[in-house]
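My notes cover its core and its rings.

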Amino acid sequence: MEKLQEVRTKQSRHEYHQERSLDRIEQEMHRLAILGPAAPGMSAEKGVDVLFVTSNGAGLGHISRLLAIAGQLPSGRSVEFLTMSTAYRQLAGKGVKISYFPSSDASGEPPETWNPVFRAYFRRLVEQTRPRIIVFDGTWVYSGITDVSRAFGIPLVWVQRGLWKTEVDEASTQRHDAKSVADHVVIPGDYAGREQVELGRGVIAEYVDPIVMTPRESLLARDEACDALGLDPSAKYMLLNLGGGSLGDPTSVANTVVRILSEIAPDIVPVQVVSPLAKESPDDSKVKRVKAYPVMPYCHAFEFTVSAAGYNAVQEAISLAQPTLFVPNAATKTDDQRRRARQVAEQRLALCGESEEELRHCLDLLADSTWCAGLRNTLRSEEEATGAIEAAIVVEHLIEQASWVESATALER
């Protein structure tokens, strides 16, 4: 915190369908233990400083980045979260006040039905929480967020993770005309390389260091990490963090990695991180399964990691000096994982493999404790990521600007 103080059919059929849509969404919202919006009308009480909002996404990346930023704000700041990711359950009991709203995909509703319902919900939530600023993390800013923010005159910050696929970047009207949907843009850095984004007129990007949720100082010692995960500290483990892909599918990357490792280094036990978004599946006797979010505080329990090349996974592995083989997921819609994985590998900050031949070569290197220790030493010479602190400074500055009216005083006549 001291560092922070120094340094966003026809008509009847249509009406029937809309009514059913609203009913389904309302039922889902009631079923979930969420913070519901209050009755219309702005609360007379002081509002929160920041309302953090995330899109649904394909995992935990959006939530993790905003949690990292929120964690670096001064202790007196109040925050709330709204997410469309079912991963909201992971925040239960962590002292975070969170609302969940099912996305268009999750609710099964087309955008033309979902958007007006979400806009009305978001307006009521803003009326209740009265945030000084709103910070959104996602690749598409929903019209309801922009409309409501501007209707209330609340600054909207767009946290825009980089390394978009070229075709998606070129097709995005929002990204290259950011002022049309947001007031400020924060672009987190990436160990894969710095990029410049043409945002259009009227808005200047705030480029910050890579954003990570886990600082080096919070890492548990190996024995403590093993104990917390229920692992025997006398054994050797590999962290398997590939997200999608069933071990029961012999054609999956996860299955291939486990098979190759059993041939190369049978003494190293694979430990699979089970996503909080994943359904339960039968245990595999060759693989231990753990549920942990975030998992990186326990990384010292593992000799090395095999992971997808999502933004958060890459930044944390390098910032925390964890030797890692990245296997990019080419099926992502926006995130160019292949480019990220290849670029960090070119810098000798990690390994990258996709084919079975590449995976075997990389696992052979990582299974060599001497080689692995050399990579770890190289990573320790890299500067720790400070993007969460820098982004929090930007947010704090905007909070102070938004609070200027509270400094007004009245003179007695």
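Buried means under 20% relative accessible area with a 1.4 Å probe, protein chains only. Helices are DSSP runs of H or I, at least four residues, and strands are E runs of at least two, numbered from the N terminus.

A note on the source: this is a predicted model, with local features needing pLDDT of at least 70, side-chain atom pairs counting only at pLDDT 80 or more, and totals for chains, interfaces and linings using all residues. Residues are numbered from 1 along each chain as its sequence is written, and side-chain values use heavy atoms, without hydrogens and water.

Next I checked the rings. I found nine aromatic pairs, meaning ring centres within 6.5 Å, with Trp counted by its six-membered ring. Phe101 and Phe118 pair edge-to-face (planes over 60 degrees apart), at 5.5 Å centre to centre and 65 degrees. Phe101 sits in the loop between strand S3 and helix H4, Phe118 in helix H5, 17 residues apart. Both Phe101 and Phe118 are buried. Phe118 and Phe122 are stacked (planes under 30 degrees apart), at 5.7 Å and 25 degrees. They are four residues apart in helix H5, so about one helical turn separates them.

Definitions and conventions. Buried means under 20% relative accessible area, exposed over 50%, partly exposed in between (1.4 Å probe, protein chains only).
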